[in-house]
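These are my notebook entries on a single structure. I set down what I looked up, entry by entry.

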Amino acid sequence: MLVTLDNASELAWEKMQGMIPAIIQHADTGAVLMQGFMNKDALDKTLEISKATFFSRSKQRLWTKGETSNNTLDVQTIYTDCDKDSLLLVCRPNGPTCHLGYDSCFPEQEFNQKHFLSLLEQVVKQRQFGKPEDSYTAKLLSQGTKRSAQKVGEEGVEVALAAATGDRDELLQECADLFYHTLVLLRDQDVDLSEVMAVLENRHR
């Protein structure tokens, strides 16, 4: 169920004495970032300001993630499970989520390969405005659309040639190059990978 202000009262608050566990998931990579607890006031505040807000059991008060560090969590969507006794907040983080400086409070978590393109997309975004002399990505983007498009074309041809010659190792390398340069071109065009995935999902239906 999609959680809104209108149906928040339908949640099973009584099961845990007015508290519900809330899991934070990265909107782009699918990574689990942290887990906290919410009471009704925390959920209402979250829905009001679109920033993940929890009830601190140690401080006995509401706290918005990032209120001191500025590493806030921008809430995109909130769901509840089938029993309506836990929450899933899909968020975009502004900086590390963990107070120890890690992206996730579960630093041992390994990214699933199917999410790695989304992680790589975030790296490309971060390096977009870096110094060209320090980053190949920044250099490529600084050279304009024509250069990024040219690289995608070149890598596409090399993928086809590797497949045609039956060179499996070369095919893997060239496919990796093509995926990376495609992400760079998408960034040049201000297109998110999620938009491309949406097209594929619609075709699959």
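Leaving aside neighbours within four places in sequence, with which residues is E174 in contact? I looked this up in the model, which is a predicted one. Beyond those sequence neighbours, E174 is in contact with E155, E158 and V159.

Entry: I placed E174 in helix α5, which covers residues 168–188. I then looked for a partner of opposite charge. E174 is buried and yet has no salt bridge. The nearest side chain of opposite charge is that of K151, 8.2 Å away.

**Entry: salt bridges.** I noted ten salt bridges in the structure and examined some of them. Side chains of opposite charge can pair when their charged atoms come close.

I began with E67 and R61, whose side chains meet in a salt bridge at 2.9 Å, N to O. I noted E67 as partly exposed, with a relative accessible area of 41%. R61 also counts as partly exposed, at 35%.

I next looked up K125 and D192, which form a salt bridge with the closest N and O atoms 3.2 Å apart. K125 lies in helix α2 (residues 113–127) and D192 in the loop between α5 and α6, so this pair ties together parts that are 67 residues apart in sequence. For K125 I recorded a relative accessible area of 25%, which makes the residue partly exposed. D192 is likewise partly exposed, at 25%.

I then turned to D190 and R187, whose side chains meet in a salt bridge at 3.5 Å, N to O. Are the two residues buried or exposed? D190 counts as exposed at 58% relative accessibility, whereas R187 is buried at 10%. Through salt bridges that share partners, K125, R187, D190 and D192 are joined into one network.

**Entry: nonpolar surface.** Which residues form a nonpolar patch on the surface? I found V196, M197 and L200, with about 220 Å² of accessible area together. I located L200 in helix α6, residues 193–204. L200 counts as partly exposed, since its relative accessibility is 44%.

**Entry: annotated span.** I consulted the UniProt annotation, which comes from an unreviewed entry and assigns the domain "Phosphoribosyl-AMP cyclohydrolase" to residues 34–106. I noted that the end C-alpha atoms of this span lie 7 Å apart. For residues 34–106 I recorded 14% helix and 38% strand.

Note on methods
Residues numbered from 1 in each chain as written. Predicted model: local features only at pLDDT ≥ 70, side-chain atom pairs only at ≥ 80, totals over all residues. Heavy atoms only, no water. UniProt positions renumbered as here; feature names shortened; annotations may be inferred. Helix = DSSP H or I, 4+ residues; strand = E, 2+ residues; numbered from the N terminus. Buried < 20%, exposed > 50% of the residue type's maximum accessible area, 1.4 Å probe, protein only. Lys, Arg positive; Asp, Glu negative; His and termini not counted. Salt bridge = Lys/Arg side-chain N within 4 Å of Asp/Glu carboxyl O. Contact = heavy atoms within 4.5 Å. Patch = residues over 30% accessible without salt bridge, like charges linked within 9 Å, V, L, I, M, F, W, Y side chains within 5 Å. Areas by Shrake-Rupley, 256 points an atom, 1.4 Å probe, with all protein chains shown as cover.
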